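Subject: Structure handover

Hello,

Here is the structure I said I would pass on. My notes on it follow below the display.

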Amino acid sequence: MAANKNKIYEELNLSKENLQSLVRCFLPDIQAYFKSEEGRKAYEDWEKEQP
């Protein structure tokens with residue numbers, strides 16, 4: 001698992017700290033979207049399209 005995380009940091013050319021900062025910035029908005037009616041609908045539509 002740790003190897004996968006290191007690969008992500010390398011592929012994105014970001015330090016662990018910078019990636020964590022981005023996540024802290026975006027995660028609250030992403031969570032709020034998926035809790036909203038629009039987000040739930042989009043997720044349900046996406047689920048229906050999956051094999």
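K7 is partly exposed, because its relative accessible area is 48%. Please keep in mind that this is a predicted model. The side chain of K7 meets that of E11 in a salt bridge, with 3.9 Å from N to O. A salt bridge here needs a nitrogen of Lys or Arg within 4 Å of a carboxyl oxygen of Asp or Glu, and the K7 to E11 distance of 3.9 Å falls within that. E11 itself is exposed, at 58% relative accessible area.

Side chains of opposite charge can pair when their charged atoms come close. How many salt bridges does the structure hold? It holds 3.

Another one joins E37 and R40, whose closest N and O atoms are 3.2 Å apart. These two residues sit in helix α3, 3 residues apart, again about one turn of the helix. E37 has a relative accessible area of 59%, so it is exposed. R40 has 38% and therefore counts as partly exposed.

The remaining pair is D45 and K41, with 3.0 Å from N to O. Helix α3 holds both D45 and K41, and they are 4 residues apart, about one turn of the helix. D45 is partly exposed at 27%, and K41 is partly exposed at 46%.

Now the charges as a whole. The chain carries 8 positive and 10 negative side chains. The centres of these two sets lie 6 Å apart.

Next, the overall fold. The chain has 3 helices and 0 strands, and reading along the sequence gives the pattern α-α-α. Is the chain compact or spread out? Its radius of gyration is 15 Å, whereas the globule rule gives 10 Å for 51 residues, so the chain is more spread out than a compact globule. Along the principal axes, the C-alpha atoms fill a box of roughly 35 × 30 × 15 Å. Of the 51 residues in the chain, 6% are buried. To be buried, a residue must have under 20% relative accessible area. The chain exposes about 4,800 Å², and carbon and sulfur atoms supply 56% of that area.

Helix α1 covers residues 2-12, and A2 is found in it. A2 counts as exposed because its relative accessibility is 54%, and the cut-off for exposed is over 50%. A2 and Y43 are 41 residues apart in sequence, and their C-alpha atoms are 29 Å apart in space.

N13 is found in the loop between α1 and α2. Its relative accessibility is 69%, so N13 counts as exposed. Most residues other than glycine have a negative phi. N13 has a positive phi of about 55°, although it is not a glycine.

Which residues make the nonpolar surface patch? The patch is made by L22, V23, F26, L27, I30, Y33, F34, Y43 and W46, and it covers about 840 Å². Two elements give two or more residues to this patch, namely α2 (16-35) and α3 (37-49). Helix α2 gives the most, with 7 residues.

V23 is found in helix α2, and at 44% relative accessibility V23 counts as partly exposed. F34 is also found in helix α2, and its relative accessible area is 43%, which means that F34 is partly exposed. A patch residue must have over 30% relative accessible area, and V23 at 44% and F34 at 43% both meet that cut-off.

Regards

Terms used
Residues are numbered from 1 along each chain as its sequence is written. This is a predicted model: local features need pLDDT of at least 70, side-chain atom pairs count only at pLDDT 80 or more; totals for chains, interfaces and linings use all residues. Side-chain values use heavy atoms; hydrogens and water are left out. Buried means under 20% relative accessible area, exposed over 50%, partly exposed in between (1.4 Å probe, protein chains only). The radius of gyration is taken over C-alpha atoms; the globule rule is 2.2 Å times the number of residues to the power 0.38. Accessible areas come from the Shrake-Rupley method with a 1.4 Å probe; for residues, only the protein chains shown count as cover. Lys and Arg count as positive and Asp and Glu as negative; His and the chain ends are not counted. The place of a charge is taken as NZ of Lys, CZ of Arg, CG of Asp or CD of Glu. Patches are made of residues with over 30% relative accessible area and no salt bridge: like charges are joined within 9 Å, nonpolar side chains (Val, Leu, Ile, Met, Phe, Trp, Tyr) within 5 Å.
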